[in-house]
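Please have the sequence and the structure open as I go.

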Amino acid sequence: MGLTTGIIVVVALFLLLTVLVIAGYNGLVRARNAFKNAFAQIDVQLRRRFDLIPNLIETAKAYMAHERQTLEAVVNARGAAMNGLAAAQANPGDPAAMQQLAEGQQALNGALSRLNVVVEQYPDLKANQTMMQLSEELTSTENKVAFARQAYNDAVMNYNNRRETFPGNVYAAMFNFAPAALLEIPPERPEMRDAPKVQF
């Protein structure tokens, strides 16, 4: 009788331990999938932003023949931002990829801000219906990017908390769950905390 009871206790403990490991592992997987899904929302909004920029440039070209350098700077910054997005898309949460994404967005925000200053010098362009519509869509997209970034950062924080607290840290070490990086604005660039003003 004693041997049977001992076997039952060992089997019960083994089953309990197995259930705990499975639950911990699944919790980490769910948290990782949540931040990857949140990043996908950033991806959607940034792609929309990137799609609007060529239309904006084409509309501005007709009015801003002498501002070629400003327009080219926006096109080049868009390319750099798209490269940053591609790097982050390949590995959401990777610190180097998220840094590249942030830097690309920073360059694009600066180029759009300079374009906005130049557009102010062209009243006909500011009054152009297409330009006003593009401006409104770009502003709306900028707001959606900010909300998506916040949702992503919240999901990353939840994932990192789960993988750093006990017993999640044990499971994270066992199953090699790497930390995820936030999409942060560099502290030396406080102007990036606000969406760029793209009202033309």
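Which residues form one aromatic cluster? They are Phe35, Phe39, Tyr152 and Tyr159, where rings of Phe, Tyr and Trp (for Trp its six-membered ring) are paired if their centres lie within 6.5 Å, with planes under 30 degrees apart called stacked, over 60 edge-to-face and the rest tilted.

Before going further, a word on the source: this is a predicted model, in which local features need pLDDT of at least 70 and side-chain atom pairs count only at pLDDT 80 or more, while totals for chains, interfaces and linings use all residues. Residues are numbered from 1 along each chain as its sequence is written, and side-chain values use heavy atoms, with hydrogens and water left out.

The structure holds five aromatic pairs. In one of them, the rings of Tyr25 and Phe175 have centres 4.7 Å apart and planes at 70°, so this pair is edge-to-face. It links distant parts of the chain, since Tyr25 sits in helix H1 (residues 2-61) and Phe175 in helix H6 (residues 168-175), 150 residues apart; helices here are DSSP runs of H or I with at least four residues, strands are runs of E with at least two, and both are numbered from the N terminus. Tyr25 also pairs with Phe177, with ring centres 5.6 Å apart and planes at 70°, and so this pair too is edge-to-face. Phe177 lies in the segment after H6, 152 residues from Tyr25. As for burial (buried is under 20% relative accessible area, exposed is over 50% and partly exposed is in between, with a 1.4 Å probe and protein chains only), Tyr25 is partly exposed at 32%, Phe175 is partly exposed at 35%, and Phe177 is buried at 4%.

In soluble globular proteins, nonpolar side chains tend to be buried together.

Met64 itself lies in the loop between H1 and H2 and is buried, with a relative accessible area of 1%. Leaving aside neighbours within four places in sequence, Met64 is in contact (heavy atoms within 4.5 Å) with Leu71, Leu115, Val118, Val119, Tyr122 and Leu125.

Finally, the charged residues: there are six salt bridges, each defined as a side-chain nitrogen of Lys or Arg within 4 Å of a carboxyl oxygen of Asp or Glu. Arg48 and Glu137 meet in one of them, at 2.2 Å from N to O, and because Arg48 lies in helix H1 and Glu137 in helix H5, the pair ties together parts that are 89 residues apart in sequence. Both are partly exposed, Arg48 at 36% and Glu137 at 24%. Glu142 and Arg49 form another, with the closest N and O atoms 2.5 Å apart; this pair likewise links H5 and H1, across 93 residues. Here Glu142 is buried at 5%, and Arg49 is buried at 1%.
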